[in-house]
There are 2 protein chains.
Amino acid sequence: MHHSKATETMRQAHLSDVNIDDPFWSYYLDLVRNVVVPYQWEALNDRVNSAEPSGAVANFKIAAGMMVGEFYGMVFQDSDVAKWLEAVAYLLETRPDPDLEGIADGMIDIIELAQQDDGYVNTYFMLKEPGARWTNLAECHELYCAGHLIEAGVAYYRATGKRKLLDVVVRFADYIDSVFGTKPGKLRGYDGHQEIELALVKLYEVTGNERYLNLSAYFLNERGQKPSFFEQQLHERGGQTHFPGLNMATDLEYNQSHLPVREQDKAVGHAVRLVYMLAGMADVAARKHDQEMLDACMRLWDNIVSRQMYITGGIGSMVHGEAFSYDYDLPNDTVYAETCASIGLIFFAHRMLQTTKDAQFADVMERALYNTVIAGMSRDGKHFFYVNPLEVNPKSCGGNNKNYDHVKPVRQEWFGCACCPPNIARLLSSLGSYIYSVHEDTIYHHLYIGGEANLKVNGTNVVLKQESRYPWQGDIKIEVVPEKKQDFAVALRVPRWSGGNASICVNGRAIPAEQLKVVNGYAVIQREWSPSDVIALSLEMPIMRVHSHPAVQANAGKVAIQRGPLVYCLEEADNGNHLHQLVLPKKGGLSLLEEGILGGMIAIEADALRLNEETWDGALYSERELPDYRPAKAKFIPYYAWANRGEGEMRVWVREQ
Amino acid sequence: MHHSKATETMRQAHLSDVNIDDPFWSYYLDLVRNVVVPYQWEALNDRVNSAEPSGAVANFKIAAGMMVGEFYGMVFQDSDVAKWLEAVAYLLETRPDPDLEGIADGMIDIIELAQQDDGYVNTYFMLKEPGARWTNLAECHELYCAGHLIEAGVAYYRATGKRKLLDVVVRFADYIDSVFGTKPGKLRGYDGHQEIELALVKLYEVTGNERYLNLSAYFLNERGQKPSFFEQQLHERGGQTHFPGLNMATDLEYNQSHLPVREQDKAVGHAVRLVYMLAGMADVAARKHDQEMLDACMRLWDNIVSRQMYITGGIGSMVHGEAFSYDYDLPNDTVYAETCASIGLIFFAHRMLQTTKDAQFADVMERALYNTVIAGMSRDGKHFFYVNPLEVNPKSCGGNNKNYDHVKPVRQEWFGCACCPPNIARLLSSLGSYIYSVHEDTIYHHLYIGGEANLKVNGTNVVLKQESRYPWQGDIKIEVVPEKKQDFAVALRVPRWSGGNASICVNGRAIPAEQLKVVNGYAVIQREWSPSDVIALSLEMPIMRVHSHPAVQANAGKVAIQRGPLVYCLEEADNGNHLHQLVLPKKGGLSLLEEGILGGMIAIEADALRLNEETWDGALYSERELPDYRPAKAKFIPYYAWANRGEGEMRVWVREQ
């Protein structure tokens, strides 16, 4: 267990200060701007014929009196619009786009019109259950939707300076603050799906109004107190449930209300709920210097990353409850590993990173980002994975075996429960804010993504120009351009996968290893910087054979291939079917293969053995026949790129001999 | 594919002619007589407090007007009483027991009283849906229940000579014959759960009335004709379903009505239904010399045993539909492998054996019997497995992961759907009839089970006295005592697992290998036999490392241990938890361990390697740490004996290196 102090927090770079220009990421950012966000707007407006209907925009129009109709969709349908607006805000903060801003302004006008006099906004309850506000917090996501709207309002204000949506969410938050709390007459409740906690901290940051920070802390501290608020509400509404069969109001582990949050030490229940809650806890702990809450964050972090996380950064291994399982239970085929859960893990990791300045958080952030998150979206930006398996056999997914009903061998167009696509959009469109932080006299480099950043350190404006072929190569060039000569430090993350093998030159002169100070995974270069100083960071990026902790049953006797931040996988398209027949000899060769496909990725060719069916005598079981292995080649591609060439088998963990 | 002719059929020994006296099996037979059958009678009468209620006897009493009440239980609850009566009949045929016979007679009186004037007997429809007879064949098991009652009536008549229940079922069968068939005005239907087909052949055998054989053939030939009878009935009753969510009437593969039975070549759907159907098909094919139907039996047999059978003789790998999956899909942990399905496989194999005289059928019969069937029952005779996993982790079964809801790590007391316990009882109580057959001048030994048999061959009465420590040792002594000197053949099965390594002495003199005629897996000794001739058969019984067909994903890189007919497994009780950490080196030693426990079984100790958690650095994934294996011992026990020492991990397939 790491001990971190909740005292000094570094500051992430503002999105507006970072301009990404990178051979790997620019494709995704352009995709989000040119395809994903426009496509999602069409989907939210029910104009994509081949996708499941959304109803999300229509619900707001009906609530605003602009249209006649009935509420359509999930109880949390509003949040899709909010997440889309948040993504739009990040795009606008990065680069002006009057057309897009016009569309967003129009949507914001509708939301403002729909807002009720007391500040309340939620189209499900306004249209479908007008009298039932706050009667079913466990299941109905009211504060969750509020949280997403607040995030959108804050982001849109930061991006455009326009206050309309911010004013809407301030009125809404003030109203919520008047309803919830420990004072007599207030509802001592909290939401079934955590989200408002982290949103209120953002609102506090932008408004400076401490009531929002306190309300966030209240929601966190109230959760898990006895008697159970959710059970009480269930009783009060006569046992009525919104999602029959899901036990949301009685399975207290599901929404992490089984214990006060400070007392929790094992990740349980719905994975997205937990990491959103932890992001809020990390925020509040840092701002209130709440060491006990930070300790709880660290305990739960350790449990997740050391016992419950897939090598791809996926979390929540069970479809049942979209939930964490017991320690080390990480099945690769019946897996859940929702895209949103990995995005939430990044939110949590990013906040812990600001507080602790410990590269382990950036390492996990990178792992989730380069593997599960971008695997969640097709290269065309219109197809998405909700579930991210590490082993797929399409025969099982398409068959009668319902254990695999949730696992799709190809990406789907748009879901009835469309949480993941807009979540990918808002994460990628805000990617610039994850790359750098500044603390005191130090500029931290967390992620190696090319482009230009304008930061202020020690009172001096500094431009950083980053250039690399990351994640394909470990050579990163960083030009440091302070407005004048200035003493400060540049801290470069040395990823765990490099084994600490980083060499650094400044202006062509190597810094000797003994002079390189490495603190919490960051190589710190302290010196007086002059305009046009150039750092050349070189990270060793060998092809690695990765093994799992011996307690992980699913991976016993298996190996995974990783290079840099990228986890690799075998696909049927390259290797034929029956991937279980491929075995990697412990000392077999591994070599890089430059590929023209899928964005110019680098594949890996491995010397392998292949279990041979042809010489087997045909019996199902044989006490005489010995398995016959023949030399073969296995071709691995990056996990994020799987399932872009039709339906087929895939696996990350491969037998090793 | 084997080609067998449907011309000459051998005759199984009558149960009354075989007296089992065997150190392995006498325990089970006494258990069935002294515990299982009495315990089940209590359960059927709802007198076992800790078990789920049955209602089965009460339903008959209510239908007979002896009691007031309502029908209780599943739509096929009657069959539990019938199966129990059939087991009782076999016990009585083996050895008189006036008390037990009195109880059975009393039950038969009730059934006779309950029978309606037209011959119909089915308490569900009589009590609960009086007007709905034959309106829902797909789901409501009417002919299935009739079939079990017919089997009971036949068995009870054979055992006791009493005609009362036989007369009941003759009236019932005559009535059924008047309802179903191809003639105008008759219902062109068949049952959703095959069973009556094989029962009618038994009724034909005991009565000599060919109408029953023809009715059986009709049911088989009609199945799968278009348009679908089940879909038509579903339409006629306005879509009403008895088991909502199971699609019994529309999923035609589920009940093998997707194709005419003669055209089927892949085992699909509900496993018990298929093997019961195949048993009936084998019966009809043999008696009607129907080569086409026998060919269909062979095709489906081959598909099952060469692509869809567990090493334990379990079949039907999916809980969803209790069904077969795609070829080679044999997961060990989410497995179904219902006890009843293996019993049905024995029924099918036994019939094919009579027709083909091919030992492969006896080999599978033995595999299912010595592994899945007796694993289905605890050593106390009061706890049963419905599902027979080959790999269990109690943490998964008890957790939130519903994929394992059906898998129990310990045997249960009595089920709401109690098909398996009485099925075990009727199979074990009739075990004597599976040991020998006679065809022309040859006596066949299929199973090596000690005791005495009185058979007639070539017009001569012959007493056979068999003695062995089978399945623990391969030395079998058989005394052949013809009433006078006589020429005939004794055919001894040489099990596939012996690798053909059998040596045979007659009166102490070895038969040279070149003189030993082996036909279809039987070593045939043709000679003039004198009273007190002694055969000493010696089968090699090495500890075997068994591998799976390379297409079986679940067992890739794994080995199973088998000795003689017994498949072995690792249990946590002997090996600690985390059984996935045990690895068997390819050339490691394997030795026998005589154990006092669980009926004096022989365990196997293996030189193994154990993945070491202690030296691992604690990380979930490591690119530096190499898995550390330490020499260890692994102790295997016979699979049938698992879960008799509390809850713990178990696995059959073990990693091999």
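Visitor: Where is the kink in α15(A) centred?
Guide: On A:L369, with a bend of about 35 degrees there. Keep in mind that this is a predicted model.

Visitor: And what end-to-end span should that helix have?
Guide: Helix α15 of chain A covers residues 359-375, and at 1.5 Å a residue its 17 residues should span 24 Å. The end C-alpha atoms are 23 Å apart, which agrees.

Visitor: Which residue caps the N-terminal end of α15(A)?
Guide: A:D358. One of its side-chain oxygens lies 3.0 Å from the backbone nitrogen of A:Q360.

Visitor: Is α15(A) mostly covered or mostly open?
Guide: Mostly covered: 17 of its 17 residues are buried.

Visitor: OK, on to packing. Which residues touch the most other members of the largest nonpolar core?
Guide: A:W25 and A:I304, in a core of 243 residues. Helix α12 of chain A (residues 271-287) supplies the largest share of that core, with 12 residues.

Visitor: What is A:W25 in contact with, leaving aside neighbours within four places in sequence?
Guide: The kink residue A:L369 is among the contacts of A:W25, along with A:Y370 and A:I374.

Visitor: How many residues are in the second, separate core?
Guide: 241, and they include B:V48, B:I449, B:V490 and B:Y639.

Visitor: New topic: is A:L539 buried or exposed?
Guide: Buried, because its relative accessibility is 4%, and the cut-off for buried is under 20%. A:L539 lies in strand β14 of chain A, residues 533-539.

Visitor: What does A:L539 touch, not counting residues up to four places away in sequence?
Guide: Quite a list, including A:Y448, A:Y470, A:I476, A:V494, A:P495 and A:W497. A:G474, A:S498, A:N501 and A:A502 are also touched by A:L539.

Visitor: And how far apart are A:L539 and A:F60 in space?
Guide: 50 Å, C-alpha to C-alpha, and they are 479 residues apart in sequence.

How values were computed:
Residues are numbered from 1 along each chain as its sequence is written. Chains are lettered from A and ligands numbered from 1 in the order in which they are written. This is a predicted model: local features need pLDDT of at least 70, side-chain atom pairs count only at pLDDT 80 or more; totals for chains, interfaces and linings use all residues. Side-chain values use heavy atoms; hydrogens and water are left out. Helices (H or I, at least four residues) and strands (E, at least two) are DSSP runs, numbered from the N terminus. The expected span of a helix is 1.5 Å times one less than its number of residues. The bend at a residue is the angle between axes fitted to the seven residues ending there and the seven starting there. Buried means under 20% relative accessible area, exposed over 50%, partly exposed in between (1.4 Å probe, protein chains only). A polar contact is a pair of N or O atoms within 3.5 Å; within protein, one must be able to donate a hydrogen and the other to accept it, and residues adjacent in sequence count only if both atoms are side-chain atoms. A nonpolar core is a set of buried Ala, Val, Leu, Ile, Met, Phe, Trp, Tyr and Cys residues joined through side-chain atoms within 4.5 Å. Contact means heavy atoms within 4.5 Å.
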